[in-house]
Amino acid sequence: MTSTYDADNIFAKILRGEIPCHKVYEDDIAIAFMDVMPQSDGHALVVPKSPSRNLLDADPAALAAVIPLVQKIATAAKKAFEADGISIQQFNEGAGGQTVFHLHFHVIPRYEGVPLKSHGRDMEPDDILAAHAEKLSAALKGGK
């Protein structure tokens with residue numbers, strides 16, 4: 001098992017603009033975009049720009065800076081997707097469920113009585129991701 005940061009992970013490539021994403025927010029600290037294999041409508045990812053494998057090796061200052069954005073995306077997602085609640089997930093190492101080894105937070109709208117889809121299984125069609133990104137972006141800007 002390797003425990004070093006791999007600068008060629010998919011999120012690092014997204015941060016460098018080498019791979020497209022359905023971005024909903026970006027600032028100097030992090031980027032937020034739609035998960036291409038969502039567990040629920042509106043499932044977004046918040047990815048800090050500072051390189052770290054996961055929470056275990058992240059700079060505490062970087063963690064402190066990104067959590068307000070996780071909260072902002074969660075609040076907007078709950079509103080935009082009329083969710084009953086929000087799950088925030090963050091995985092560390094393979095045994096902990098991590099599949100992309102760059103620190104990231106899952107923001108997942110939840111609905112009473114509706115189970116989540118399996119993690120990392122089915123790709124969402126691009127047009128649906130684009131529509132969800134537009135909806136979440138609008139909520140971030142104060143719309144619905």
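This is a predicted model: local features need pLDDT of at least 70, side-chain atom pairs count only at pLDDT 80 or more; totals for chains, interfaces and linings use all residues.
Contact here means heavy atoms within 4.5 Å.

**Exercise 1. Determine which residues of α3 are buried and how they are placed around the axis.**

Solution. 
1. Locate the helix: α3 covers residues 126–140, which is 15 residues. From first C-alpha to last, α3 reaches 21 Å, close to the 21 Å expected at 1.5 Å a residue.
2. Apply the cut-off of under 20% relative accessible area for buried residues. In α3 these are L129, H132, A133, L136, S137, A139 and L140.
3. An α-helix has 3.6 residues a turn, so residues three or four places apart point the same way.
4. Turn to the other side of α3, where D127 and E134 are exposed.

**Exercise 2. Identify the elements against which the buried residues of α3 pack.**

Solution. 
1. Among the strands, the partners are β1 (23–26), β2 (30–34) and β3 (44–48).
2. The helix α2 (60–80) is also a partner of these buried residues.

**Exercise 3. Describe how α2 and α3 are arranged relative to each other.**

Solution. 
1. Take the geometry: the two helices pack at an angle of about 115°, and their axes are 8 Å apart.
2. Classify the angle: 65 to 115 degrees counts as roughly perpendicular, and α2 and α3 are therefore roughly perpendicular to each other.
3. Assign the handedness: α2 passes α3 in a right-handed crossing.
4. List the contact residues: α2 contributes K72, I73, A76, A77 and A80, while α3 contributes K135, L136, A139 and L140.

Notes:
Residues are numbered from 1 along each chain as its sequence is written. Side-chain values use heavy atoms; hydrogens and water are left out. Helices (H or I, at least four residues) and strands (E, at least two) are DSSP runs, numbered from the N terminus. The expected span of a helix is 1.5 Å times one less than its number of residues. Buried means under 20% relative accessible area, exposed over 50%, partly exposed in between (1.4 Å probe, protein chains only). The arc is that of the directions from the helix axis to the C-beta atoms. Axes are lines fitted to C-alpha atoms, for helices over the stretch in contact, and angles run from 0 to 180 degrees between N-to-C directions. Angles under 35 degrees count as roughly parallel, over 145 as roughly antiparallel, 65 to 115 as roughly perpendicular and the rest as oblique. A crossing is left-handed if the near helix is turned anticlockwise from the far one by less than a right angle, and right-handed if clockwise.
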